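Reader: I would like a close look at one part of this model. Please keep it brisk.

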Amino acid sequence: MSNAAPQDPDHAPDEAPAFAAERPILTVQQHILLEQTRFPGVSGEFSWLLSGITLAAKMISARVRRAGLMDESGAGGGQNIQGEIQQKLDIYANQVLMHCLAVRENVAVLASEENEHPQLVDGDNPRPEYSYVVVFDPLDGSSNIDVNVSVGTTFSILRRRPVEEGEADVMSDVLQPGSRQVAAGYVLYGSSTMLVYTAGNGVHGFTLDPAIGAFVLSHENIRIPERGKYYSVNEAHIDKFPPVCRRYLDGLRAANYGSRYVGSMVADVHRTLLKGGVFLYPPTAANPEGKLRLLYEANPVAFIVEQAGGRASDGHRRILDIPPESIHQRTSLVLGGPSEMDAYERCVAEE
Ligand code: AHM
Ligand code: MG
């Protein structure tokens, strides 16, 4: 058969190349290059930035996989700004992300759960006009590492505010509402390592193929189910939840929902995204504002869940509309599919 002849799918040539038997792969880098055609004037920039995140994710994943072998589990001897014990892998993951992003010349500002203040990268050497701010939690749920439970990285990407005159105002670059995110995502170090991200055009999931060292598209255009079977909350705190949350959970139990709670936000949100249902971290006695951090935990997952057809709220307001006041600000969080969020809003309306 000549190469130019039309192919009949029912009569494929006997000697097809070996790779033709496998599904064609699309790596996250290829996907991002396609996505960024929607951002005129930034050709190449966005994929360059995201490649910093994917490189860091691969390095963190490799360490997490060997944590039990390398004396990498356990506390690292310090505390972060929130007074929380830093795990050794918290420190490593933070250093890796700071390094992999700071060498991208279009990244101007970095803020992390593990650092008290946002950092202006290379302050003496101004970055290009279209430079970005990246806000992240390097290793969320890290107390789970010692017991071999999934952990994650969350990240939020914003454009830097235009510099008018005088000194760059790093804090106002970081303190932007989630609705201004250009892209956001998370990496889940679970039974496989997955990167899930949105750049405002749907949500796409990539699984790290250890054989080739690349994140390969495995979950295209993820949509959260209209209704799920599970709610996900730390029920030990139920007596301290606001009455509306208690009534809501009573309603879910009456509707035969089951419960699933890992205690790693990325794992709990990922299950909710794929299987539907609702994830909550309401205010408690210990954390009256909620426990999760607005800028680098709630905002990225809220952007993802909205892009997948769900909703995310602090109980009263859309998460993405909350004007941040400080970089480590906490918020309560309720996110889920349309049916569960409708039910939550009905409970609020009955208050
Ligand atoms: P961390 O940022 O200190 O790791 O804490 C955040 C984690 C989330 O992953 C998870 O949803 C939550 O804390 C679990 O808290 P709790 O143990 O109170 O249920
Ligand atoms: Mg965290």
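Does Thr331 count as buried or exposed, and at what relative accessibility?

Author: Keep in mind that this model is predicted. Thr331 has 6% relative accessibility. Buried means under 20%, so Thr331 counts as buried.

Now place the residue. Thr331 sits in strand β16, which covers residues 330–331. Pro288 gives a distance to check. Along the chain, Pro288 and Thr331 are 43 residues apart. Their C-alpha atoms are separated by 9.0 Å.

Next, the aromatic rings. The structure holds three aromatic pairs. One pair is Tyr248 with Tyr344: the ring centres are 5.1 Å apart and the planes stand at 90 degrees, so this pair is edge-to-face. Tyr248 belongs to helix α5 (residues 243–254). Tyr344 belongs to helix α8 (residues 338–349). The pair therefore ties together parts that are 96 residues apart in sequence. Tyr248 and Tyr344 are both buried.

Rings also meet charges here. Arg63 has its charged end over the ring of Tyr92, 3.9 Å from the ring's centre. Arg104 lies over the face of Trp48, and the distance to the ring centre is 4.0 Å.

Back to your residue, then.

How values were computed:
Residues are numbered from 1 along each chain as its sequence is written. Chains are lettered from A and ligands numbered from 1 in the order in which they are written. This is a predicted model: local features need pLDDT of at least 70, side-chain atom pairs count only at pLDDT 80 or more; totals for chains, interfaces and linings use all residues. Side-chain values use heavy atoms; hydrogens and water are left out. Rings of Phe, Tyr and Trp (its six-membered ring) pair if their centres lie within 6.5 Å; planes under 30 degrees apart count as stacked, over 60 as edge-to-face and the rest as tilted. Helices (H or I, at least four residues) and strands (E, at least two) are DSSP runs, numbered from the N terminus. Buried means under 20% relative accessible area, exposed over 50%, partly exposed in between (1.4 Å probe, protein chains only). A charge sits over a ring if NZ of Lys or CZ of Arg is within 6 Å of the ring centre and within 35 degrees of the ring normal.
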